[in-house]
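Work through the exercises below with the sequence and the structure at hand. Each task is followed by a solution in steps.

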Amino acid sequence: MSVRVLIVDDQALFREALATLLEVQPEIDVVGEAANGEEAVRRCAELRPDVALMDLRMPVLDGIAATARLRAEQPDVRVLALTTFDDDEDVFAALRAGAVGYLLKDVSSTRLVEALVAAQRGESVLQPSVAAKLVARVARLPAESPRPLATPLSERELEVVRLLADGRSNREIAKTLFLAEGTVKNLVTSVLSKLQVRDRTQAALRAKELGLF
């Protein structure tokens, strides 16, 4: 089943170019476009996309506010931020608002398609530079004594969580570790369970708190 995507960006030329790029991908079905956050919320209600590919800086209603509204009103729609900016405040505001991922507009088409497919599954997808910012912020937090894990991570799971912290997708992890993608998916599920977190971003932060890398 293809991923139903709504493209949200205030630049018409960028929306059109991105739609043209994605429509030739068999995994993707572009169901519509929106020029601002207010329109995005309305179009999501009409079209029920799996993923809203959301720019952040837009008129009328910005992408962060739109993400928060979608999370509250239409939680089945996953939001994947796609923007030019990776400054700390935008990154953390988007993730706090409920975005499942954060990519920059210089991302490759292959990586973008992988991210959309992952977002449909509820996986967090982060640009490596964004993942590094999250890890760096955790490193600056006051030191506490985190709860130890009830079941320690295996050596293979430790390798996986370190790659998650670098913002790698399941496919990239599989290539790096010479594993089948299905095996990596199972390892990620196990990591989330052992760390008692919901998504890949939280897994990276929890692992950093525990000093696992």
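**Exercise 1.** Determine how α2 and α3 are oriented to each other.

Solution. Step 1: take helix α2 (residues 37-47) and helix α3 (residues 63-73), whose axes lie 9 Å apart at an angle of about 25 degrees. Helices (H or I, at least four residues) and strands (E, at least two) are DSSP runs numbered from the N terminus. Axes are lines fitted to C-alpha atoms, for helices over the stretch in contact, and angles run from 0 to 180 degrees between N-to-C directions.
Step 2: apply the classes, in which under 35 degrees is roughly parallel, over 145 roughly antiparallel, 65 to 115 roughly perpendicular and the rest oblique. α2 and α3 are therefore roughly parallel to each other.
Step 3: the handedness of this crossing of α2 and α3 is right-handed. A crossing is right-handed if the near helix is turned clockwise from the far one by less than a right angle, and left-handed if anticlockwise.
Step 4: list the contact, which joins G37, E38, V41 and C44 of α2 to A66, R69, L70 and E73 of α3. Contact means heavy atoms within 4.5 Å.
Step 5: sort the residues of the α2 and α3 contact by class, giving four nonpolar, one polar and three charged. Ala, Val, Leu, Ile, Met, Phe, Trp, Tyr, Cys and Pro count as nonpolar, Asp, Glu, Lys and Arg as charged, and the others, Gly among them, as polar.

The model is predicted: local features need pLDDT of at least 70, side-chain atom pairs count only at pLDDT 80 or more, and totals for chains, interfaces and linings use all residues. Residues are numbered from 1 along each chain as its sequence is written, and side-chain values use heavy atoms, leaving out hydrogens and water.

**Exercise 2.** Describe how α1 packs against α5.

Solution. Step 1: the axes of α1 and helix α5 (residues 109-120) are 11 Å apart, at an angle of about 80 degrees. α1 and α5 are therefore roughly perpendicular to each other.
Step 2: from α1, L18, L21 and L22 meet S109, L112, V113 and L116 of α5. The α1 and α5 contact holds six nonpolar residues, one polar and no charged ones.
Step 3: α1 (residues 12-23) also lies across β1 (3-8), β2, β3 (51-54) and β4 (78-83), and runs at about 170 degrees to β2.

**Exercise 3.** Give the strand order of the sheet and find its edges.

Solution. Step 1: the sheet is open, has six strands in the order β2-β1-β3-β4-β5-β6, and its pairing is parallel. Two strands pair if DSSP finds at least two bridges between them.
Step 2: β2 (28-34) and β6 (125-126) each have a single partner strand, so they stand at the edges and one side of each lacks a neighbour in the sheet.
Step 3: strand β5 (residues 101-104) pairs with β6 in the parallel sense over two bridges, and Y102 stands opposite L126 in β6.

**Exercise 4.** Is T83 buried or exposed?

Solution. Step 1: locate T83 in strand β4.
Step 2: T83 has a relative accessible area of 0% and is buried. Buried means under 20% relative accessible area, exposed over 50% and partly exposed in between (1.4 Å probe, protein chains only).
Step 3: leaving aside residues up to four places away in sequence, T83 touches D55, L56, Y102, L103, L104 and K105.
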